[in-house]
Amino acid sequence: MKLSTEEIIYQLNNIIDKTIFNNLLILSINERSIFLSREIGLKNSFVEGDMLFIEPIFSPVNKETVIGAVSEFRELVIIDELKNAFDITDDYIYNEANRIYEEKIIPKMHKFRLGESIISIENKNILLVDLGSNTALTLLCAIKSCINSKRFKNKCCRAFYFKRISR
């Protein structure tokens, strides 16, 4: 049995520290989580949110293996064990990250935000929402992007993720 979106929202509302809803920005980190982010915001009388665009980087050896991720802030998270196992060069990873940024992330920014950058996250509490995280690579990239962003002044970044699981 899979958890429904309503069950996920109910469980999250029960475990989340309500004090973070003061000055909160909800960031969806994949398109599947937009609805969940919106519902969390509405159930807590909050409407400010945005999407943080993150795309996977695949191995040149095995096109189905994700070796890293890149965000719209051009932050990278790389799985060193896979990079080393497949003998992948840093040049390949950085060139691929740049290509993905140009070909996938920028068009999504234009589609969803008309080319504008992400809403300001300066001095905000950030709630990252990822529906269906398998390896947490996207979530790690989002956390790194928020922490390293020049717009981010707080010293904490809270992340919750729910994985739809079979029972």
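Modeller: Two strands count as paired if DSSP finds at least two bridges between them. Keep that in mind, and note that this is a predicted model.

Biologist: Which residue in β2 is the bridge partner of Ile26?

Modeller: Start with the strands. β1 pairs in the parallel sense with β2, residues 49-51, over three bridges. For Ile26, the partner in β2 is Gly49.

Biologist: Which residue in β6 does Ile26 stand opposite?

Modeller: β1 also pairs with β6, again in the parallel sense. That pairing runs over five bridges. In β6, the residue opposite Ile26 is Leu127.

Biologist: How many residues of β1 are buried?

Modeller: Look at both faces of β1. On one side, Leu24, Ile26 and Ser28 are buried. β1 is largely enclosed by the rest of the structure, because its buried residues number five of the five.

Biologist: Is Ser28 buried or exposed?

Modeller: Ser28 sits in strand β1. Beyond its neighbours within four places in sequence, Ser28 touches residues including Ser33, Asp50, Leu52 and Val129. The cut-off for buried is under 20% relative accessible area. Ser28 has 3%, so it is buried.

Biologist: Which element gives the most to the largest nonpolar core?

Modeller: That core has 16 residues. Those with the most contacts inside it are Leu27, Ile29, Leu52, Ile54, Ile126 and Leu128. β1 (24-28), β6 (125-131) and α5 (137-148) each supply at least two residues. With five residues, the element giving the most is α5.

Biologist: How far apart in space are Gly132 and Asn30?

Modeller: Gly132 is in the loop between β6 and α5. Gly132 has a relative accessible area of 25%, so it is partly exposed. In sequence, Gly132 and Asn30 are 102 residues apart. In space, C-alpha to C-alpha, their separation is 9.2 Å.

Definitions and conventions: Residues numbered from 1 in each chain as written. Predicted model: local features only at pLDDT ≥ 70, side-chain atom pairs only at ≥ 80, totals over all residues. Heavy atoms only, no water. Core = buried A, V, L, I, M, F, W, Y, C linked by side-chain atoms within 4.5 Å. Buried < 20%, exposed > 50% of the residue type's maximum accessible area, 1.4 Å probe, protein only. Helix = DSSP H or I, 4+ residues; strand = E, 2+ residues; numbered from the N terminus. Contact = heavy atoms within 4.5 Å.
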